[in-house]
Amino acid sequence: MSTPGMTHAPHRRRSRLQQLRRRVDNAMFTRARYSQPMMPVMCLLGGLFMPLYWFLWTYVLPQPYSNLGLHAAGCVVLLPLALQRWWPRSFKPWLPLYWYAVITFVLPFFFGYLFLRNGGTIVWMGAHLFSIFITMMLFDLASFALIYSLGTAFAALAFQLGPHDVWPLHALLQYAPVLALTLILGPLASLSQKFADEAKVKALIGASNNIAHELRTPLGSVQMAGRAIGRYLPNLLESHRVAERAGLPVAALRGPHLQALQRGIAVIEHEVNHAHTVIDMLLMAAKPMGTLQFEPLHVRACVAQALARYPYASQAERERVQLSTEPTDFVLMGSETLLTHVLFNLLRNALFHTGRAGKGEIHVSLDSDSSGHCIRVRDTGPGIPPDVLPRIFNRFYSHSDGRDGTGLGIGLAFSQSAVERMGGRISCRSHWGEYTEFFVTFPPYVPSGQGLSA
C-alpha cells in the first residue's frame with residue numbers, strides 16, 4: 001500500500017500550483033482594478049495620440065525611423081480598453097491579462113524598439129523615460145519589473161532580428177546613467193508609497209478596534225434597557241388594565257399599540273445582537289489568525305450551532321436556511337470561532353442576495369468520504385455573474401449591480417484565509433440566474449500520535 005505522503009503528493013503539488021496561479025491572477029487583477037477608473041480615458045487618448053505622433057515624427061519633427069504599422073497596432077490594441085464598459089461579461093475576466101499585455105506592448109516594447117531604431121536620439125531618450133514613468137505609476141514594483149523586463153527584452157530581440165543599423169552603443173552609454181537613476185529612484189518611491197499604505201492599513205485596524213470597543217458600551221446599555229422594558233412591561237400593562245377596570249382616568253391602549261411595544265422590544269434585542277455579530281466579524285477579519293488555538297471539532301454540532309446563533313432579520317429569513325437531515329459528521333482540527341465566522345459570512349451573503357432577488361432558499365449540508373470532508377452552502381438565488389465569480393475572494397472586492405452595495409469586500413477574503421489556516425480550501429460554483437454553491441473542504445483528520453500503515 002502506498003504511503004499517505006506518496007498518495008497526496010500530486011494533490012499537494014496541484015494545490016500549490018493553484019495557489020500560485022491564484023496569487024498571480026489576484027495581483028494582476030488588483031493592479032488592473034486600481035487602474036480601471038483611469039483606463040478608458042487614458043487608453044482613448046493613447047489610441048488617438050498613436051497616429052498623431054506618427055504624423056508629428058514623420059513630417060513635423062522628422063526622426064530617422066518611423067513605422068506607421070507599429071503606431072496603428074498600438075492604436076488598435078488600446079481602443080478595446082477604452083470601450084471596456086461594453087465588453088461582454090464572458091470577456092471581462094480576461095481584462096487584467098489583456099491590460100498587462102497591452103501596456104507591455106505600448107510602453108516598454110514600443111518605446112524601447114523605436115528608441116533603438118532611431119539610434120538613441122534625444123527625442124527618443126525622453127520618450128523612453130516617459131514610458132518608464134507611466135509604467136511605474138500604473139503598477140506596483142513587481143508588476144513594473146515584469147512588464148519592463150519583458151517589453152525591453154522583446155524590443156531588443158525585435159531590433160536584433162529585424163532590419164537595423166548597428167547598435168547605438170554611444171547613445172546607450174550616455175543614456176545609461178539617467179536610465180539607472182530612474183530605475184533606482186522610481187521603485188524606491190513606489191516602496192515608500194507601499195510602506196505608507198501599510199501604515200494606513202495598520203492605523204485603520206487600530207482605529208476599528210477602538211471604535212468597536214466604544215460601540216459595545218452603548219450597545220450594552222441599549223440591550224439592558226430593552227431587557228428592563230421587556231421585564232417590567234407586563235406589570236405596567238397589568239396595572240393599566242386594573243386602573244381601567246377601576247374607572248380611573250387613564251389613556252386608552254389599543255391592541256396594535258401593545259403589539260408595537262412587544263415588537264419593539266424584540267427588535268431592540270435582535271438589532272443589538274446583530275450589531276455585536278457584525279463587530280465580531282470585522283474584528284475577527286482584522287485579527288492575526290496565528291494566535292488562535294486549534295482543537296478537534298465535531299463539525300455538524302458547530303454548523304448547527306452557527307445556524308442557530310446567526311442573527312436573522314426575521315423568522316421568514318430564518319426559515320429560508322435549512323440544514324440537511326442526513327446524519328453526516330466529521331472531525332476537523334480547527335477553531336470553532338473561525339469556522340463559525342466563515343459560516344456567518346457565507347450565510348450573510350446568501351441571505352443578502354436571495355433577499356434582494358426576492359427568491360431562493362439556502363441549504364447547508366455535510367459530505368464526508370475517505371478523500372476528505374466538505375461543508376456545502378447552496379442558495380437558489382440570483383447567482384454570480386461570470387466576470388465577478390473569479391474575484392469574489394479578493395480582499396476589498398465587492399460587486400454591486402447599481403441598486404445597493406454589497407459590503408466592504410472583506411468577508412469572503414477572510415473566509416478564505418480562515419479556511420486555509422485550518423488546512424482546508426474554499427471554492428465557489430455558480431450559474432448566473434440559478435444558484436450559487438460554496439464548498440468548504442478539508443483533508444481527512446488524523447489524530448496526533450496515531451500511526452498510519454504503509
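Predicted model: local features only at pLDDT ≥ 70, side-chain atom pairs only at ≥ 80, totals over all residues.
## Surface and overall make-up

Of the 454 residues of the chain, 37% count as buried.

The chain contains 12 helices and 7 strands.

## The mixed sheet

An open sheet is formed by 5 strands, which follow one another in the order S2-S4-S5-S7-S6 with mixed pairing. Strand S2 (321-323) and S6 stand at the edges, and because each has a single partner strand, one side of each is left without a neighbour in the sheet. Neighbouring strands of this sheet are turned by 20° against each other on average, when direction is ignored.

Helix H11 (residues 336-357) packs on the sheet, where it touches S2, strand S4 (362-369), S5, S6 and S7. The direction of H11 makes about 25° with that of S5.

## Strand S7 and its two partners

Strand S7 (residues 435-442) has 7 of its 8 residues buried, so it is largely enclosed by the rest of the structure. With strand S5 (residues 372-379), S7 pairs in the antiparallel sense over 7 bridges, and with strand S6 (residues 425-431), which also runs antiparallel to S7, it is joined by 7 bridges.

Individual residues show how these pairings are laid out. Thr-436 in S7 is the bridge partner of Asp-379, while Ser-430 stands opposite that residue, Thr-436, as well. Further along, Ser-427 stands opposite Phe-439 in S7. S6 and S7 form a hairpin with 3 residues between them, and Gly-433 in the turn has a positive phi of about 90°.

## Helix H6 and its buried side

Which residues of H6 are buried? They are Ser-143, Phe-144, Ile-147, Tyr-148, Gly-151, Ala-155 and Phe-159. Because these residues cover an arc of only 115° around the axis, they are placed on the same side of H6.

On the face of H6 turned away from its buried side, the exposed residues are Ala-142 and Leu-161.

## Helix H12 and the residue after it

In helix H12 (residues 411-421), the buried residues are Leu-412, Ala-413, Phe-414, Ser-415, Gln-416, Ala-418 and Val-419. Just after H12 comes Gly-423, which takes a positive phi of about 85°.

## A buried histidine

His-71 lies in helix H3, which covers residues 68-82. Is His-71 buried or exposed? Its relative accessibility is 2%, and because buried means under 20%, His-71 counts as buried. Leaving aside residues up to four places away in sequence, His-71 touches Met-50, Tyr-53, Trp-54, Trp-57, Ser-66, Phe-110 and Leu-114.

Conventions:
Residues numbered from 1 in each chain as written. Heavy atoms only, no water. Helix = DSSP H or I, 4+ residues; strand = E, 2+ residues; numbered from the N terminus. Buried < 20%, exposed > 50% of the residue type's maximum accessible area, 1.4 Å probe, protein only. Contact = heavy atoms within 4.5 Å. Arc of directions from axis to C-beta. Pairing = 2+ DSSP bridges. Axes fitted to C-alpha atoms, helices over the stretch in contact; angles between N-to-C directions.
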